[in-house]
Amino acid sequence: MKYLVMVQGTQADYEAMRGKGSEHSPAWSEQEIQTMYAFMSAVNDDLSETGEMLDGQGLAEPAQVRHVSRDADGKAVITDGPYSETKELLCGYWVLECESLERVTEIAERIAQCPQPAGAPEYPVVIRPILDGAGDI
């Protein structure tokens, strides 16, 4: 079964990783950033070795997000981020092929242990099965 495993964050979290802490997220040191990257690289390496990782990427900060929707007349409405009404957004993901929900849950538990500064917000690691056919809804 294929799964999408997602990690979330906010614009404040991206700012904190650039050393600009706030009441929502403390500033990260360069050492804390490097520790986080090393942890995530180890996760990626292990998942590649087991053949479970199909894809995985970190995403640009919410300030670079663009939403495209339609108004009542069907015309495109384009809004650039960040969005004050949105709390958390997707900040990274893995597409994994795992034998079971239990296995992908073990991986998500490991990802949830990613080191971060004391006081940093905790976000859930989200697991979503990927449908593999039109009749799977």
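Analyst: One term before we start. A polar contact is a pair of N or O atoms within 3.5 Å; within protein, one must be able to donate a hydrogen and the other to accept it. Also, this is a predicted model.

User: OK. Which side chains does a polar contact of 3.1 Å join?
Analyst: Those of glutamate 61 and arginine 18.

User: Where is glutamate 61?
Analyst: Glutamate 61 sits in the loop between β2 (53–58) and β3.

User: Is glutamate 61 buried or exposed?
Analyst: Buried. Its relative accessible area is 14%, and the cut-off for buried is under 20%.

User: What is glutamate 61 in contact with, leaving aside neighbours within four places in sequence?
Analyst: Gln11, Tyr14, Glu15 and Arg18. Aspartate 13 is 48 residues away along the chain, yet its C-alpha is 8.9 Å from that of glutamate 61.

User: What joins β3 to β4?
Analyst: Five bridges, and the two strands run antiparallel. One of the pairings is histidine 67 with threonine 79 in β4.

User: What do β3 and β4 form?
Analyst: A hairpin, with five residues between the strands. Glycine 74 is in the turn and has a positive phi of about 85°.

User: Switching topic. How many residues are in the largest nonpolar core?
Analyst: It has 23 residues. Val5, Met40, Leu47, Trp94, Leu96 and Ile111 have the most contacts inside it.

User: Which elements each supply at least two residues of this core?
Analyst: β1 (2–9), α1 (11–17), α2, β5 (89–97) and α3 (101–112). The largest share is from α2, with six residues.

User: Why would such residues gather?
Analyst: In soluble globular proteins, nonpolar side chains tend to be buried together.

User: What does valine 5 touch, not counting residues up to four places away in sequence?
Analyst: Gly92, Tyr93, Trp94, Leu96, Val104, Ile111, Val125 and Val126.

User: And valine 43, where does it lie?
Analyst: In helix α2 (residues 30–50). Valine 43 is buried, with a relative accessible area of 1%.

User: What is valine 43 in contact with, again leaving aside neighbours within four places?
Analyst: Trp94, Arg110 and Ile111.

User: How many residues apart in sequence are valine 43 and arginine 110?
Analyst: They are 67 residues apart in sequence, but 8.0 Å apart in space, C-alpha to C-alpha.

Notes. Residues are numbered from 1 along each chain as its sequence is written. This is a predicted model: local features need pLDDT of at least 70, side-chain atom pairs count only at pLDDT 80 or more; totals for chains, interfaces and linings use all residues. Side-chain values use heavy atoms; hydrogens and water are left out. Helices (H or I, at least four residues) and strands (E, at least two) are DSSP runs, numbered from the N terminus. Buried means under 20% relative accessible area, exposed over 50%, partly exposed in between (1.4 Å probe, protein chains only). Contact means heavy atoms within 4.5 Å. Two strands pair if DSSP finds at least two bridges between them. A nonpolar core is a set of buried Ala, Val, Leu, Ile, Met, Phe, Trp, Tyr and Cys residues joined through side-chain atoms within 4.5 Å.
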